[in-house]
Amino acid sequence: MGAVRPLDCVNQVMAQDTGNKAHCIQILLEQGYRPERMLMAGDAPGDYEAAVKNHVYFYPICVGHEEESWKEFTAEAVSRLEQGTYGGSYQSGLVERFFRIWKAENYMDFSLVDCIIKSNTKFLLSFKCFKCH
């Protein structure tokens, strides 16, 4: 048997003509995908916001640390998602690191980063409660 090609493992591709990222996630939720089984990987705050808006997990690809981010994604994040241990402190730590890097590299306004990190904590707590019911 030949090598597996990346798109062999994909059953749906969405691009800009489908809508923004939040809308694409919403489409998947409407198709029956469970939010606790979805993981939005991204390298920008807009990717994070799309995940938060739809109450799905977010995995950050840190700018300047892409190789390290993808290694951790395959080594730990995917298995945590499968085991149901992705949320809480694991995701929170990844997101805080992501925004610290953005802040250190002056990619965005400091007050926006602080606001997103604070709202992330509230989101994770409410999401954890949502998953328990």
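The model is predicted, with local features needing pLDDT of at least 70 and side-chain atom pairs counting only at pLDDT 80 or more, while totals for chains, interfaces and linings use all residues. Residues are numbered from 1 along each chain as its sequence is written, and side-chain values use heavy atoms, with hydrogens and water left out.

Select Gln-12, Leu-28, Met-38, Leu-39 and Met-40, which are the closest to the centre of the largest pocket among its 26 lining residues. On a 1 Å grid over the protein atoms alone, a pocket is an open set of points with protein on both sides within 12 Å along at least five of seven lines, a cavity is a set where a 1.4 Å probe fits but cannot get out, and lining residues have an atom within 4 Å of a point. The pocket holds about 980 Å³ of space. Helix H1 (21-30), strand E1 (39-42) and H3 each supply at least two residues of its lining, with the largest share, five residues, coming from H3.

Next, select Tyr-59, Pro-60, Cys-62, Ser-69, Glu-72, Leu-94 and Arg-97, which line the largest cavity, about 50 Å³ in volume. Strand E2 (57-60), helix H3 (66-83) and helix H4 (89-104) each give at least two residues to this lining.

Finally, move to helix H2 (residues 45-53), where Pro-45, Asp-47, Tyr-48, Ala-50 and Ala-51 are buried, that is, under 20% relative accessible area with a 1.4 Å probe and protein chains only. After H2 comes His-55, with a positive phi near 60°.

Note on methods. Points joined across faces, edges and corners; volume = space filled by probe spheres on them. Helix = DSSP H or I, 4+ residues; strand = E, 2+ residues; numbered from the N terminus. Buried < 20%, exposed > 50% of the residue type's maximum accessible area, 1.4 Å probe, protein only.
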